[in-house]
Structures are given as structure tokens and as C-alpha cells.
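Welcome! Please take a look at the sequence and the structure below, and then we can walk through a few of its residues together.

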Amino acid sequence: MTGRRRIRSPFHRTSTGPVTSAVRAAAAVAAGTALLAGCGVVPGTGGGAGDTVTVMTWAPSGTSGTNKPGMPAFAQAYARWVNAHGGLGGRTLKVLTCNERNDSVAAAKCARDAVKRNVVAVVGSYSLYGDSYLPTLEGAGIPYIGGYGATNAEFTSPLSYPVNGGQPTLLAGLGRELAGGCGPVVLVRPDTISGDELPPMLDSGLKARGHAPAVDERAADDTTEYATPSTRALTAASGQPPEKGCVIPALGDSTGTFMDSFRRARGKFPAVRTAATLGNVDQTVINASGGASGPYEGAYVTGWYPASSDARWDRMKKVISEQAFGDNRIDPADAGVQTTWIAYTVLKAVVTSLGGGEVSSETVRRALNGGLSVTTGDLTPTLRWGFQGELAAIGLSRLVNAEVTLQVVREGRLVPARKGVTDLTDTLREAKVN
């Protein structure tokens, strides 16, 4: 509904470091404990003054890269809706928005503005620059609730409360699925440090089903055409006839460019299948690439949530219908809009748990750190954050939702491939990260 989007990899490396060490997990524990104990300078008692709860939602808009205008637009629609129905425990919800612009400087400015405006939380937002905004939020004690899972920092920061499993779960889930029906699996990914993080996640899923590791096909990060990587990927995927190989493009913004080259080259090779994660392919990309006649027809795509046609999204759609009808920035099928809905569901549960008490960044943080369980209408498992999550050993200490859904492109539309979800916690424990 918002036009073709260039999608960057949703597991972007930041200067906070790779998902690697036990040292990182220990640091997160120490930082979180300090916050709970009140050690050090931890401001952040504003934003809930009087009968108003003030939060912020940010996302990029109007850029040449990934644009998620539906996230802040939906956040404001949600505020109108919740205020029309009694507010948050009788309090008025005020949503501030910020254009993150796909820019580290702008992301940092959004965070500084959140501090200046005394918000109690940043909720349901998207940014690839965790190293630019998280230190500022951490310094002010402002929780980051329901980020898109766009950076590894979201799964390590003690003030981050993610609602999905980011790229690690999507790749592990895709690996599990492809292991049973593919010959050679080829991952085409950027030849960058952040790209180096992708193969272990995919291989953990392949290994769980007894499949050999994926062929790691690296592509230059700044290229404008992919003729050579396409040919190499097709050669590797079709090298064991009669088994049909599978090719997984994970090139973020450049996935569409790769698929143009791939489509031209594939006629010279035996048939292979394609597959993808939601972070690299969505319905908009499928439409732009030809729909049912395009290269994604028949492809498996892993996602975090039920398909948009599922009845569990009806309440979110009611909010859109009542408060944002005709706003074409808000697509109920967009994973960003869906993440924002779930993030605000968490916020509502937190405020409700505080009863008539003060609502501030500190009390919100205490509630989340104190074992509060949040249900989301079965859109996710029950969410509960602790300082040592089940995947802390591989550096994902804040990852509490490792469930993925499987979709498939049929007649040009993303539809559920099967009912239910797959929990990748045990699979990811075996990931051999650096």
C-alpha cells in the first residue's frame, strides 16, 4: 500500500558488537541489576505526569531505503482509539513520533528528543542504528519496547524488550523447513561483518534436520548487479541432480536487484527453488517482482506472526478501521505495523499492572524487569523478560520469543503454509556463532 520498499537486512550489525560472548551476557546482567538497585545515575521519572502517559514511536519515512511510515501512523491511531475507550487505566496516552530517516545521526536525535520530552518508553519502533539510540536511552533509563528486531543490540541491551526474534529465528526456521525438501541450500548474503552473522543461524536449522550446512555465497555489498553471484548460486544449487536445490537471497536492500539477475540466469540451469525471510521479502516486493509470474512463486517465507488474514488480527484491524480508515500508510499486513500493535499491547499491560500508581520510565522498567507476563491474544507466546534469557549463551540474552510462522507464495500472495508455529529456542542453542 505504500509502494515498493527497499528492505535492509533486519539483523544489522552495530558497534555494540556481534552476538557472541558470555561477557556480553554478564554485562547485561550487571547493567540490569544496577538499574533495579538504583545504582549510578539513572534518570527517567517523567512522561507520566498527571493523567497523561507520553511515549514515542520512530521509524524511517521518505527515504531511499527501508520506509516504515505505517508504524508511527498506527501508533497515533492507537492513541486516538485507546483514548476514545477510556485511555490507559484512565490516563490519556500521548504518542510523539520521530522520522529516523534511515540515518544514524537522525536516530540519535530521535533518542535525544525522547529524553528531552520525558517519555516513559519508546514503543513499537524501527531503526538499523542501535549503537546510535540505545546508549542515549540507557543513560536516561528509558525502556525500548517492541523494536522491530532490526539490530543485534535489541537482543542484548538490558533496556530492550523485544517482542519477536529478529533475523536469527527467521533464518533458523527457514533452515529447518528447507532441510526436508531441498538438495544443496545456497545462502547469498553480503560480504560484510554483519553478513558473517547469517550463516550460523541458517545452518542451525539445517543441522537440526540432518542437512549439510548451506553453501555460503558472498556478494559485494556495494554492487549494482549480481550476474556472477547469481550464476554461482545456481551452479551450487543445481550441482546434485536430481535433487532440487534452494537459493536464499538475504541481501537486504539489494535482494530485488539480485533477483533480477537471478531470473535472467536461471533459464540456463535445472530448476531450483527460492526461499526468503520476511526481512528481505514481503508482499510489496512480491507484487513488484511480478506476483504469480515472478521469481518468488512457490517460495517459502518465514515470519514472526500469524498471516494477516488470521482472525487474531481483527482487533488491530478494528483500531485501523475506527481511527485510520483511508490512511494508506498503515498496512495491516506489514510486519512493522503488526509489531507496533503488539508493542502497544505490552505498554497497556504494563500501565494496567501499575494500577493507580505513578507511570514513569522507572516504574515501567521495574514492572517489565519484575516478571510481568504479557499475553498478546496468541499473536506471540506469553512475553516475559529477564536478565538471562534462554539464549544468553549465544549472546541473545533479551530474546524471549523464538517462534516463527511459515508462509508460502501461492498465486502471487503470501499465505500460511501450515497451521501453528515453530519454536526455535532449542535449534538456536546449537548455533555456532563467532
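## R101 and its loop

R101 sits in the loop between strand 2 and helix 3. In this predicted model, R101 counts as exposed because its relative accessibility is 51%, and the cut-off for exposed is over 50%. The backbone here is worth a look too: R101 is not a glycine, yet its phi is positive, at about 60 degrees.

## A positive patch

R101 also belongs to a positive surface patch, together with K94, K109, R112, K116 and R117. Which element gives the largest share of this patch? That is helix 3, residues 104–116, with 3 residues.

R112 is one of the patch members, and its place is in helix 3. With a relative accessible area of 48%, R112 is partly exposed, since exposed requires over 50%.

Now move on to N118, found in the loop between helix 3 and strand 3, the latter spanning residues 122–123. Like R101, which has a positive phi of about 60 degrees, N118 is a residue other than glycine with a positive phi, in this case near 55 degrees. Its relative accessibility is 43%, so N118 counts as partly exposed.

## R91, a buried charge

Let us turn to R91, in the loop between helix 2 (70–84) and strand 2 (92–99). Is R91 buried or exposed? R91 is buried, and it has no salt bridge. The nearest side chain of opposite charge belongs to D51 and is 6.1 Å away, while a salt bridge needs the charged atoms within 4 Å.

What does the side chain of R91 reach instead? Another is the backbone oxygen of G355, which lies 2.9 Å from a polar atom of the R91 side chain.

## T363 in helix 13

T363 is part of helix 13, which covers residues 361–369. Its relative accessibility of 15% is the reason why T363 counts as buried, as the cut-off for buried is under 20%. A polar atom of the T363 side chain lies 2.9 Å from the backbone oxygen of E358.

F387 lies in the loop between helix 13 and strand 11, the strand being residues 403–410. F387 has 16% relative accessibility and therefore counts as buried. How many residues apart in sequence are F387 and S157? They are 230 residues apart, yet their C-alpha atoms are 9.6 Å apart in space.

## S293, on the exposed side

The loop between helix 10 (283–288) and strand 10 (300–303) is the place of S293. At 63% relative accessibility, S293 counts as exposed. Its side chain reaches the backbone oxygen of G290 at 2.9 Å.

## A cis peptide bond

A last stop is the pair P241 and P242, where the peptide bond from P241 to P242 is cis and omega is near 5 degrees. P242 has its place in the loop between helix 8 (227–237) and strand 8 (246–249).

Terms used: Residues are numbered from 1 along each chain as its sequence is written. This is a predicted model: local features need pLDDT of at least 70, side-chain atom pairs count only at pLDDT 80 or more; totals for chains, interfaces and linings use all residues. Side-chain values use heavy atoms; hydrogens and water are left out. Patches are made of residues with over 30% relative accessible area and no salt bridge: like charges are joined within 9 Å, nonpolar side chains (Val, Leu, Ile, Met, Phe, Trp, Tyr) within 5 Å. Accessible areas come from the Shrake-Rupley method with a 1.4 Å probe; for residues, only the protein chains shown count as cover. Lys and Arg count as positive and Asp and Glu as negative; His and the chain ends are not counted. The place of a charge is taken as NZ of Lys, CZ of Arg, CG of Asp or CD of Glu. Helices (H or I, at least four residues) and strands (E, at least two) are DSSP runs, numbered from the N terminus. Buried means under 20% relative accessible area, exposed over 50%, partly exposed in between (1.4 Å probe, protein chains only). A polar contact is a pair of N or O atoms within 3.5 Å; within protein, one must be able to donate a hydrogen and the other to accept it, and residues adjacent in sequence count only if both atoms are side-chain atoms.
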